[in-house]
Amino acid sequence: MYMASSDLKSLFFGIIAAVIATIVWSYSVILTNFQFGLISAAVGFIVGIGVSMGQKNPKPSLIVLSIVLTLLSLAVSQFLIVRHIVNQNSLSFMQIPLIVDPSIFLDVVVRSIQIEPITLLFWGISLYLAYAVVAGIGKKDEAKENLAKK
């Protein structure tokens, strides 16, 4: 399967943006002991900007990439936050390691969302922003062209 260089740029910048967003979101919660919904929602915006770098027109594959990277970023952030809370408040034999089996990772994330379901609202906003940023690529250029024609 062949990928255009602009698609590889989108993948590269999207991954970088997802890592940055994960660090910003998880450490803002860890350092303040408070979840700011606006910052979690910004994860999708940051990832969307990363994916859209180097693109002039939206493609369905880039929208999917933006949403998937945002979801991964949110899940990893949630795991890191829960891991920090558990490790700070538990005995040494109950510590959660940084690298775990995927089923344990998923279990930790799902249980934390069950305890605090408002998280899903912020995740939904973040995923929408990931979609909207990438879907909006080229809209400004399109508007300028329409104005120029009139």
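Modeller: Buried means under 20% relative accessible area. The model here is predicted.

Colleague: Is Phe79 buried or exposed?

Modeller: The cut-off for buried is under 20% relative accessible area. Phe79 has a relative accessibility of 3%. Phe79 therefore counts as buried.

Colleague: What kind of aromatic pair do Phe79 and Phe105 form?

Modeller: A pair of aromatic rings is described by the distance of the centres and the angle of the planes. The ring centres of Phe79 and Phe105 lie 5.2 Å apart. Planes under 30 degrees apart count as stacked, over 60 as edge-to-face and the rest as tilted. The planes of Phe79 and Phe105 stand at 40°, so the pair is tilted.

Colleague: Which helices does the pair of Phe79 and Phe105 link?

Modeller: The two residues are 26 residues apart, and the pair links distant parts of the chain. Phe105 is partly exposed, at 23% relative accessible area. Phe79 sits in helix H3 (residues 60-89) and Phe105 in helix H4 (residues 102-115). The helices are H3 and H4.

Colleague: How many aromatic pairs does the structure hold, and what kind is that of Phe12 and Phe13?

Modeller: The structure holds three aromatic pairs. In one of them, the rings of Phe12 and Phe13 have centres 5.3 Å apart. Their planes are at 65°, so this pair is edge-to-face.

Colleague: Where is Ser10, and is Ser10 buried or exposed?

Modeller: Ser10 belongs to helix H1 (residues 5-32). Beyond four places in sequence, Ser10 touches Gly50, Val51, Met53, Gln55, Leu62 and Leu65. The relative accessible area of Ser10 is 0%, so Ser10 is buried.

Colleague: How do H2 and H5 run, roughly parallel or roughly antiparallel?

Modeller: Helix H2 (residues 37-52) packs on helix H5 (residues 118-135) at about 25°, with axes 7 Å apart. Angles under 35 degrees count as roughly parallel. So H2 is roughly parallel to H5.

Colleague: How do the residues of the contact of H2 with H5 divide into nonpolar, polar and charged?

Modeller: The crossing is right-handed. H2 contributes residues including Val43, Phe45 and Ile49, while H5 contributes Phe122, Ile125 and Leu129 among them. The division is eleven nonpolar, six polar and no charged.

Colleague: What separates the C-alpha atoms of Gly124 and Gly44?

Modeller: Gly124 is found in helix H5. Gly124 is partly exposed, at 35% relative accessible area. Gly124 and Gly44 are 80 residues apart along the chain. Their C-alpha atoms are separated by 9.4 Å.

Methods
Residues are numbered from 1 along each chain as its sequence is written. This is a predicted model: local features need pLDDT of at least 70, side-chain atom pairs count only at pLDDT 80 or more; totals for chains, interfaces and linings use all residues. Side-chain values use heavy atoms; hydrogens and water are left out. Axes are lines fitted to C-alpha atoms, for helices over the stretch in contact, and angles run from 0 to 180 degrees between N-to-C directions. Helices (H or I, at least four residues) and strands (E, at least two) are DSSP runs, numbered from the N terminus. Angles under 35 degrees count as roughly parallel, over 145 as roughly antiparallel, 65 to 115 as roughly perpendicular and the rest as oblique. A crossing is left-handed if the near helix is turned anticlockwise from the far one by less than a right angle, and right-handed if clockwise. Contact means heavy atoms within 4.5 Å. Ala, Val, Leu, Ile, Met, Phe, Trp, Tyr, Cys and Pro count as nonpolar, Asp, Glu, Lys and Arg as charged, and the others, Gly among them, as polar. Buried means under 20% relative accessible area, exposed over 50%, partly exposed in between (1.4 Å probe, protein chains only). Rings of Phe, Tyr and Trp (its six-membered ring) pair if their centres lie within 6.5 Å; planes under 30 degrees apart count as stacked, over 60 as edge-to-face and the rest as tilted.
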